[in-house]
Amino acid sequence: MSRSPPPICPTCQIPISILHIFTDCPMYSSSLSYYNLLPDIELVLQETSQHIPNIFRFLQANNLHNKI
Ligand SMILES: [Zn+2]
């Protein structure tokens, strides 16, 4: 898994990371709000345990669960 380089965000042309997806990327913002992961993403990440089900659903819905 760590051998391949990180995937590049097709929208922003920068490496995809959790932080990029959750804070920067316009491509995922609507999907994040759909899963109640916005607007306070810092709080979400601080209290990850209670948000894990939604985070996981979001990652699966966007085919990100095997990229990050
Ligand atoms: Zn992006």
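This report describes the predicted model of a single protein, from its overall form down to individual residues.

**Overall form and confidence**

The protein contains four helices and zero strands. In sequence order, its pattern is α-α-α-α. Its radius of gyration is 12 Å, close to the 11 Å that the globule rule gives for 68 residues, so the protein is as compact as a globular protein of that length. The C-alpha trace spans about 30 × 25 × 20 Å along its principal axes.

Mean pLDDT for the protein is 83, and 93% of its residues reach 70 or more. By element, confidence is lowest in α3, where the mean is 74, and highest in α2, where the mean is 88.

**Burial, contacts and core**

Of the 68 residues of the protein, 9% count as buried. Among contacts with a separation of 6 or more, 25% are made by residues 24 or more positions apart.

The largest nonpolar core has six residues: Ile16, Ile21, Tyr28, Leu32, Leu37 and Phe58. One of these core residues is Ile21. Leaving aside its neighbours within four places in sequence, Ile21 is in contact with Ile16, Tyr28 and Leu64.

**Helix α4**

Helix α4 covers residues 48-61, and at 1.5 Å a residue its 14 residues should span 20 Å. The C-alpha atoms at its ends are 18 Å apart, which agrees with that expectation. The helix also bends, by about 35°, at asparagine 54. α4 is hardly covered: of its 14 residues, the count of buried ones is one.

**The segment after α4**

Asparagine 62 lies in the segment after α4. Because 15 other C-beta atoms lie within 10 Å, asparagine 62 is partly exposed. Not counting residues up to four places away in sequence, asparagine 62 touches Tyr28 and Ser31. Tyr28 is also listed in the largest nonpolar core, and Tyr28 is in contact with Ile21. Asparagine 62 and serine 31 are 31 residues apart in sequence, with 8.3 Å between their C-alpha atoms.

Asparagine 63 is likewise found in the segment after α4. Its phi is positive, near 55°. Asparagine 63 is exposed, because 8 other C-beta atoms lie within 10 Å. From asparagine 63 to proline 5, 58 residues away along the chain, the C-alpha separation is 17 Å.

**The segment before α1**

Glutamine 13 and isoleucine 14 both precede α1: glutamine 13 lies in the segment before that helix (18-24), and isoleucine 14 lies in the segment before α1. Glutamine 13 has a positive phi of about 60°, although it is not a glycine. With 7 C-beta neighbours inside 10 Å, glutamine 13 counts as exposed.

Isoleucine 14 is exposed too, with 12 other C-beta atoms within 10 Å, and 12 or fewer is the cut-off for that class. Not counting residues up to four places away in sequence, isoleucine 14 touches Ile8, Cys9 and His20. The C-alpha atoms of isoleucine 14 and cysteine 25 are separated by 9.9 Å, and these two residues are eleven apart along the chain.

**The loop between α2 and α3**

Asparagine 36 is placed in the loop between α2 (29-34) and α3 (41-46). Its phi is near 60°, a positive value in a residue other than glycine. Asparagine 36 is exposed, with 11 other C-beta atoms within 10 Å.

**Neighbour counts compared**

| Residue | Other C-beta atoms within 10 Å | Class |
|---|---|---|
| Glutamine 13 | 7 within 10 Å | exposed |
| Isoleucine 14 | 12 within 10 Å | exposed |
| Asparagine 36 | 11 within 10 Å | exposed |
| Asparagine 62 | 15 within 10 Å | partly exposed |
| Asparagine 63 | 8 within 10 Å | exposed |

Note on methods. Residues numbered from 1 in each chain as written. Predicted model: local features only at pLDDT ≥ 70, side-chain atom pairs only at ≥ 80, totals over all residues. Helix = DSSP H or I, 4+ residues; strand = E, 2+ residues; numbered from the N terminus. Buried ≥ 20, exposed ≤ 12 C-beta atoms within 10 Å, placed from the backbone. Core = buried A, V, L, I, M, F, W, Y, C linked by C-beta atoms within 7 Å. Contact = placed C-beta atoms within 7 Å. Expected span 1.5 Å × (residues − 1). Bend = angle between axes of the 7 residues up to and from the residue. Rg over C-alpha atoms; globule rule 2.2 N^0.38 Å. pLDDT = per-residue confidence, 0-100.
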